[in-house]
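Hi there,

Here is the structure I promised to pass on.

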Amino acid sequence: MKRKDKRKILAKENFFATFLIIKKHFFKELNQELAKVKDIRQAKKIQYPPDIILFLVIMKNACTITSMSEMGSTFNTEESIENISKSLGVELNELPHYDTINNFLKKLEVNQLEKIRKYMINEMLKKRSFEHYRYKDKYWKVAIDATGMFSFKEKHCEHCLKRKYKNKETGEIERVEYYHNVLEAKLVLGDMVFSIATEFIENEHEDVEKQDCELKAFSRLAERLKKDYPKLPICILGDSLYACRRVFNTCNKNRWRYILRFKEGSIPSIAEEFKILKKIDSVEEKGFNFVNEIDYDEKKINIVEYVENVKEKGKVIEKRFVFITDIEMSKNNVEDIVSAGRSRWKIENEGFNNQKNGIYDLEHVCCKDYNAMKNHYILIQIADILRQLLEKGSEVLKMLKLAKKEISSKLKYSFTREPLIFEDISTTRIQIRDL
């Protein structure tokens, strides 16, 4: 495409209007969901209702604005105020100050935002356009992984996790790091990964004997996932940490399938048996070597090994991948199983890496209050769903192949400088089957 043609297309496109079209198409009742969150503020003192506050933070995240103060200065335009008013159907003279927003988020129960995300996920699952992302046309792939949120040199709150760094020679403690981690379950739909459940890894209080950890959080996350989506057929994807009895039993109990990375140190007895059996009883197919029905804890599990040669820095390197699964393997399905297992890395790349380094600067502290931190995190996950659908659903964005930061810039400009008109949002330009 010539630069002149690109300029003509960009001149006609209102990216905020397209954002609203995407939002309305997939989530018709989202404005109402934002408005009905439980507000515990004193009614007489409320100047800005929840939908205005929450939508404003969602737009902050979608536009790749890092700090709350930057949001305040960037959105302080007549066009922003008018666009918020038209988007939500409210009368508005000024936007709320970021202190007002943070004070609201300090008191808002996190489950109120989780309900909004649940509504969004359910709406997407109803769309036939996502069916082809299921594994074997049945199971929705859900990747599980944890990441760090914030770290501090001094104790932040009573829920902080704590890590001590010792001098290797003297054994003395040189410094203590206080931090907050989070465990995510993300729905994998091709190149898109949507947060479907969140569990914060946190200590109940500062005097606990044993700190909270990723596997403990997994049990809580799985319980919530099953409660929120009781009939959803799920295939859990995870790294080698999750190749353990706790996860196997949870998946069996919930009637979920699993495909997990496997390392010898995860379960040494299985690793040893696989070494023996693959020499005498394995099936080899196109670089895949698999063994079914290995006994473990009164269950039958299956292991596949895949070796591929990849070129890195001019050298050919052999890479070995091993997966453990409860899905019986055959020559017909082993390649699909490995492909599904390897898609787990999308939670790290399209998920955490994108949110930390690509768009949202996830580790930036927008408010030091711990409850507000959690709410900011969930609002990033909500904005991320909308943002990914925008990138995949807009025909103009597909045509122009804009970088993520350029999309952010265009969206921010249209929100803060271009007032909406009826024609902008009265047409549908989304090809659902192309998502």
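A disulfide is counted here when two cysteine sulfur atoms lie within 2.5 Å of each other. Please keep in mind that this is a predicted model. By that rule, the count of disulfides is zero.

Two of the cysteines are worth a look. Cys235 is in no disulfide, and its nearest cysteine sulfur, in Cys251, is 8.3 Å away. With a relative accessible area of 0%, Cys235 is buried. Then there is Cys366: its closest cysteine sulfur belongs to Cys367 and is 8.5 Å away, which is too far for a bond because a disulfide needs the two sulfurs within 2.5 Å. Cys366 has a relative accessibility of 17%, so it counts as buried, the limit being under 20%.

How many cavities of 30 Å³ or more does a search of the whole structure find? The search finds one. The largest cavity has a volume of about 110 Å³. It is lined by 15 residues, and those closest to its centre are Leu362, His364, Cys366, His376 and Ile380. So Cys366 turns up here again, as a buried residue that is among those closest to the cavity centre.

Three elements each give at least two residues to the lining: α4 (50-62), β1 (140-152) and α14 (370-393). The largest share, four residues, comes from α14. By class, the lining has nine nonpolar, four polar and two charged residues.

Happy browsing, and do write back with any questions.

Best wishes

Technical notes:
Residues are numbered from 1 along each chain as its sequence is written. This is a predicted model: local features need pLDDT of at least 70, side-chain atom pairs count only at pLDDT 80 or more; totals for chains, interfaces and linings use all residues. Side-chain values use heavy atoms; hydrogens and water are left out. On a 1 Å grid over the protein atoms alone, a cavity is a set of points where a 1.4 Å probe fits but cannot get out, and a pocket is an open set with protein on both sides within 12 Å along at least five of seven lines; lining residues have an atom within 4 Å of a point. Grid points are joined across faces, edges and corners, and a volume is the space filled by probe spheres set on the points. Ala, Val, Leu, Ile, Met, Phe, Trp, Tyr, Cys and Pro count as nonpolar, Asp, Glu, Lys and Arg as charged, and the others, Gly among them, as polar. Buried means under 20% relative accessible area, exposed over 50%, partly exposed in between (1.4 Å probe, protein chains only).
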